[in-house]
Amino acid sequence: MVFSTASFITQIAVLVLVLALLHKPLGLYMARVFSSTKHAKAERALYRLAGVDSGTEQSWSVYLRSVLLFSLISILVIFALQRLQAILPGSNSLPGVDPWVAMNTAISFVTNTNWQTYAPEATVGIFVQMCLLAVQNFLSAAVGIVVVVALIRGMVRTTTDRLGNFWVDLARASFRILLPIATVAAIALVIGGVVQNFWSTEVTNTATGASQVIPGGPVASQEAIKVLGTNGGGYFNANSAHPFENPSVFTSLFQVFLILLIPSALPYMYGRMVGDQRQGYTVAAVMGALWLTSTALMAWAVSSGQGSATAAAGGLGEGFEQRLGPAASSIFAASTTLTSTGAVNVAHDSLPPLAGGIAMLNMMLGEVAPGGTGSGLYGMLVLAIIAVFIAGLMVGRTPEFLGKKIGPREMKIAALYILVTPTLVLVLAGISALLPEVMVNAPASGPHQFSELLYAFTSGANNNGSAFGGITSSGPYLSTMLGLAMLLGRFLPIALVLGLAGSLARQRKIPASSGTVPTHGPLFGSLLLGVTVILTALSYFPALALGPLAEGLIK
Amino acid sequence: MNIISGYLRQAGTAIRFLLLATIVLGLLYPLAVFGAGQLAAPFQANGSIVKDSSGQAAASALIAQAAADDAGTQDPQWFHLRPSAVGWDPATSSASNLGPNDAKLLETVTTNRAAVAASEGVSPEEVPADAVTSSGSGLDPHISKDYATIQVPRVARAHGLEPQDVQELINKQTTSGFEAFLSQPSVNVTLLNLEIANLAASRN
């Protein structure tokens, strides 16, 4: 297969154009959704039935408690119902899910990771897919969005401890933002060839004598929110490489668009909510520059066709779908790892070594370009606070961000935030690499074996969900360790972000002076870009050198 | 005491919220998409099932259908698919997940190349990459136009057809226009083999 540069450029141009057209209306809409004081009739009914006091706003600690309790209960319910699958309707005659797999899967979908340690076709029936996993695709994406909304409120509000009501925000993110877009997108996907039924079909080709059972299921409805909510958990094992999830190069491009849609509109919502569009555009420009650079690097690395097996095959092919082609797969691979999606339309394990390395580096950047729904923007805003602190050190002033002092408390939170995921990835992958009984689960040899393990922990702790699929992670050790990485990689940063929001909301606004470092414009944008790349890339460089860099540079 | 009752109240809210959200997002939403799909695009929504000339549901236009024996050897009468990590069985789907320098993969593609060259009567250099590598899903029904073209003599001979007629069917089944520009010219083997069967039946 030949990498088509013309196709690559065309697809990038289409994406940039469409997202440029849509980021403003969608950003404005989202800002209105979270600023409105009116509840729809159906929402009022929901609040009454669920016992939500929609008129009361919460402090950061109560907001966090709501996030944690809701997530914990979701995990327990999903775990229990997977175990009981055999006696529930819609099991497709499958037995109860193995306890380690069920635990890992429950955590995975609630944390917006969608790491799949199981093959869906052989493990989960329609009920688990549709009523448990796809529901979390909405709710976990909504949780990410409401956390960044709470952070922005903390930046805007003064001398208060109130950040909003988690339940109201969650309902609005789910039902006013995700549900309408997902419905339209799902119908478009059906028209594009994605299956949406509840039965399989037996087919027999009398000429060739071939008989098959063609699977069915509510695939399009799950597919739409899988990408829109930057989730990534496929209805089928092959994810977006499966012809029923991703029938053509058009649906592939449409899925990348859906992956980027909300994350690229959130900076506009942020600018609107803080009353200064320049802030939003600076963040969006940094995200855009990283996305473009990384996608171009991915294209370069893929088109190199490096690898002895790839050379023996006469070029790219292993793990690629013929109907999608290497250009579409490069864009997909970059976008899925730069957000917290983790859907794949090509086998990442078989990509040329440096392309696999770029996929890992994208996740290691903290998935901020443009990142997962909500989580990308809150990650970038924490990095912006670190950037303003560094700028403050240079000019010798107490740093300020949008009129709020960045004091020791705020800096401690920001510093802890950026330490969480590298610590999880490097410590857990490091310990696991020392255990021979764990490493047998990664069947590759040489540096590629370490890459498979490093990819797994990078993907888990960053809540991505894509994999170097050669690794088998369904055993007790890796299920537990990856479950731990996903849990801590999701909820420690959320706790820190909400704590930061609470601490900012308490402050008075101080007027900007001549010594204030502006947090918009090219100068600050470049600083933010530099901080993002240097902080993350340097933490991971030694680990990358042992895996993809060793494999890619030595041969 | 106050803290505990606060937790319990919120846990109750969480359970009820999850249940209500599941009714909307886990039942009403997929059912609405199902309904809309059955109205707007029933063919696609039900798996793009294509029928043969007798009206029998023969295949899905999107899923690889191999004419192969239990050992996975593809029938020389028909156009061959790319290798598959799941034996083209749509009950499952997977890539090989072998690395780009993997010794086993290197051996497999080398063996595949020799086998394809032998069965098509071409030199190993003429075998395109897609013919020796397995796809990401194992169910990709498409092959490159090059791979289809080197199979023409074998398939034409097996069915007593003129090679140029078979080549014409390939041209008809090859993706073109903007789709081919964005991806690459590809031939759907599932549909092509159905067309071959039709053509052979009409000639005999």
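The following dialogue examines how terms are applied to a predicted model of two chains, A and B.

Modeller: This is a predicted model, in which local features need pLDDT of at least 70 and side-chain atom pairs count only at pLDDT 80 or more, whereas totals for chains, interfaces and linings use all residues. Residues are numbered from 1 along each chain as its sequence is written, chains are lettered from A and ligands numbered from 1 in the order in which they are written, and side-chain values use heavy atoms, with hydrogens and water left out.

Colleague: How do you know that chain A and chain B are in contact, and how many residues take part?

Modeller: Contact means heavy atoms within 4.5 Å. By that criterion 106 residues of chain A are in contact with 90 residues of chain B.

Colleague: What is the buried area between chain A and chain B?

Modeller: The size of an interface is often given as the accessible area lost when the parts come together. Buried area is what two parts lose in accessible area (1.4 Å probe) on being put together, summed over both. Chain A and chain B bury about 7,800 Å² between them, with 65% of it on carbon and sulfur atoms.

Colleague: Which other salt bridge does A:Arg323 form?

Modeller: A:Arg323 also pairs with A:Glu321, the closest N and O atoms being 2.4 Å apart. Salt bridges that share partners join A:Glu321, A:Arg323, B:Arg82 and B:Asp140 into one network.

Colleague: Why is A:Arg323 called buried?

Modeller: Buried means under 20% relative accessible area, exposed over 50%, and partly exposed in between (1.4 Å probe, protein chains only). A:Arg323 has 4% relative accessibility, and therefore counts as buried. A:Glu321 is buried as well, because its relative accessible area is 0%.

Colleague: What makes the salt bridge of A:Asp169 and A:Arg153 a tie between parts of chain A?

Modeller: The side chains of A:Asp169 and A:Arg153 meet at 2.8 Å, N to O. A:Asp169 lies in helix α7 and A:Arg153 in helix α6 (residues 126-156) of chain A, so the pair ties together parts that are 16 residues apart in sequence. Helices (H or I, at least four residues) and strands (E, at least two) are DSSP runs, numbered from the N terminus. A:Asp169 is buried at 3% relative accessible area, and A:Arg153 is buried at 8%.

Colleague: How do you know that the span of helix α13 of chain A agrees with its number of residues?

Modeller: The expected span is 1.5 Å times one less than the number of residues. For the twelve residues of α13(A) (residues 353-364) this gives 16 Å, and the end C-alpha atoms are 16 Å apart, which agrees. Helix α10 of chain A (residues 277-303), with 27 residues, should span 39 Å, and its end C-alpha atoms are 38 Å apart, which also agrees.

Colleague: Why is α13(A) described as largely enclosed?

Modeller: Eleven of its twelve residues are buried, so the rest of the structure largely encloses α13(A). Its buried residues pack against α10, α12 (325-338), α17 (447-461), α19 (521-546) and α20 (548-554) of chain A. After α13(A) comes A:Gly366, whose phi is positive, near 95°.

Colleague: What makes A:His348 and A:Tyr455 a polar contact?

Modeller: Their side chains are joined at 2.9 Å, which means that the pair lies within the 3.5 Å limit. A:His348 belongs to the loop between α12 and α13 of chain A, and is buried because its relative accessible area is 2%.

Colleague: Why is A:Asn104 called buried?

Modeller: Its relative accessible area is 0%, so A:Asn104 is buried. A:Asn104 lies in helix α4 (residues 99-110) of chain A, and its side chain reaches the backbone oxygen of A:Ser479 at 2.9 Å.

How values were computed. A polar contact is a pair of N or O atoms within 3.5 Å; within protein, one must be able to donate a hydrogen and the other to accept it, and residues adjacent in sequence count only if both atoms are side-chain atoms. A salt bridge is a side-chain nitrogen of Lys or Arg within 4 Å of a carboxyl oxygen of Asp or Glu.
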